[in-house]
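Please read the points below with the sequence and the model open beside you. They are meant as a colleague's notes for a first look.

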Amino acid sequence: MSDVKCQMSNVNNSGVAVLPTILLIGGLLVSISVSLLFVSYFFGQGSFGVKLSNEALAAAQAGISDAVMRVVRDKNYNTANSSYSLAVGSRSAQVIVCQENRKTSSISTPCGDIDNTLAGKREITSIGSAFNKKRRLKAIINVNDSSGEIKTELVEETAY
């Protein structure tokens, strides 16, 4: 038995400090790589979000143009308030055309408010959607019943 004790006391313990050092360095490398991954993801998501937002704006503009075209083809278009969806490539636009003297104050009640300053004018609201991004445009067009002339008075982006 005494021989076993002697052999145990002569064992070299210098390798015991290597394991915590390797674990510490490995943990630092993993945390640095995870943080770099998150930073690159958020930078990529930011530029991708801008691209989606611009695509939503383009879809909203296409919705305004389509609604104006419908009014040009039929001057009495929208004797009752109309709302329709328009597919623009893989994106979409929700278009609301209000009759004279009506305006949209909220999406839940389209064309619900009477506005006497819109005599002879129609309001068009278009909401472009691209994935989770939405952009909203509002246009006021003046429709002259006697001559059939249509003028776009205002196109502006409003808060969604």
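1. Arg70 counts as partly exposed, because its relative accessibility is 32%; here buried means under 20% relative accessible area, exposed means over 50%, and partly exposed lies in between, with a 1.4 Å probe and protein chains only. Its partner in a salt bridge is Asp66, and the closest N and O atoms of the two are 3.0 Å apart. A salt bridge is called when a side-chain nitrogen of Lys or Arg is within 4 Å of a carboxyl oxygen of Asp or Glu. Asp66 also counts as partly exposed, at 21% relative accessibility. Because Asp66 and Arg70 are four residues apart in helix 2, about one helical turn separates them.

2. Before going further, please keep in mind that this is a predicted model, in which local features need pLDDT of at least 70 and side-chain atom pairs count only at pLDDT 80 or more, while totals for chains, interfaces and linings use all residues. Residues are numbered from 1 along each chain as its sequence is written, and side-chain values use heavy atoms, with hydrogens and water left out.

3. How are the strands of the sheet arranged? The model has an open sheet of five strands in the order 1-2-5-6-7, with antiparallel pairing. Strands (E, at least two residues) and helices (H or I, at least four) are DSSP runs numbered from the N terminus, and two strands pair if DSSP finds at least two bridges between them. Strand 1 (82–88) and strand 7 (150–158) stand at the edges with a single partner strand each, so one side of each has no neighbour in the sheet. On average, neighbouring strands of this sheet are turned by 20° against each other, direction ignored.

4. Helix 2 (residues 18–73) packs on this sheet and touches strand 1, strand 2 (91–97), strand 5, strand 6 and strand 7, and its direction makes about 25° with that of strand 6. Contact means heavy atoms within 4.5 Å, and axes are lines fitted to C-alpha atoms, for helices over the stretch in contact, with angles from 0 to 180 degrees between N-to-C directions. Ser53 is found in helix 2 and is buried, with a relative accessible area of 17%. Leaving aside residues up to four places away in sequence, Ser53 touches Lys133 and Arg135. The C-alpha atoms of Ser53 and Lys134 are separated by 6.7 Å, although these residues are 81 residues apart along the chain.

5. Strand 5 (residues 121–130) and strand 6 (residues 133–143) pair in the antiparallel sense over ten bridges, and Arg122 stands opposite Ile141 in strand 6. In the loop between strand 5 and strand 6 lies Phe131, which has a positive phi of about 55° although it is not a glycine. Phe131 is exposed, with a relative accessible area of 69%.

6. At the other end of the strand order, strand 1 and strand 2 pair in the antiparallel sense over seven bridges, with Tyr84 standing opposite Val95 in strand 2. These two strands form a hairpin with two residues between them, and Gly89 in the turn has a positive phi of about 65°.

7. How many salt bridges does a search of the whole structure find? The search finds six. One of the pairs is Glu157 with Arg135, whose closest N and O atoms are 2.5 Å apart. This pair links distant parts of the chain, since Glu157 is in strand 7 and Arg135 in strand 6, 22 residues apart. Glu157 counts as partly exposed at 42% relative accessibility, whereas Arg135 is buried, with a relative accessible area of 16%. Lys138 forms a salt bridge with Glu156, with the closest N and O atoms 3.5 Å apart.
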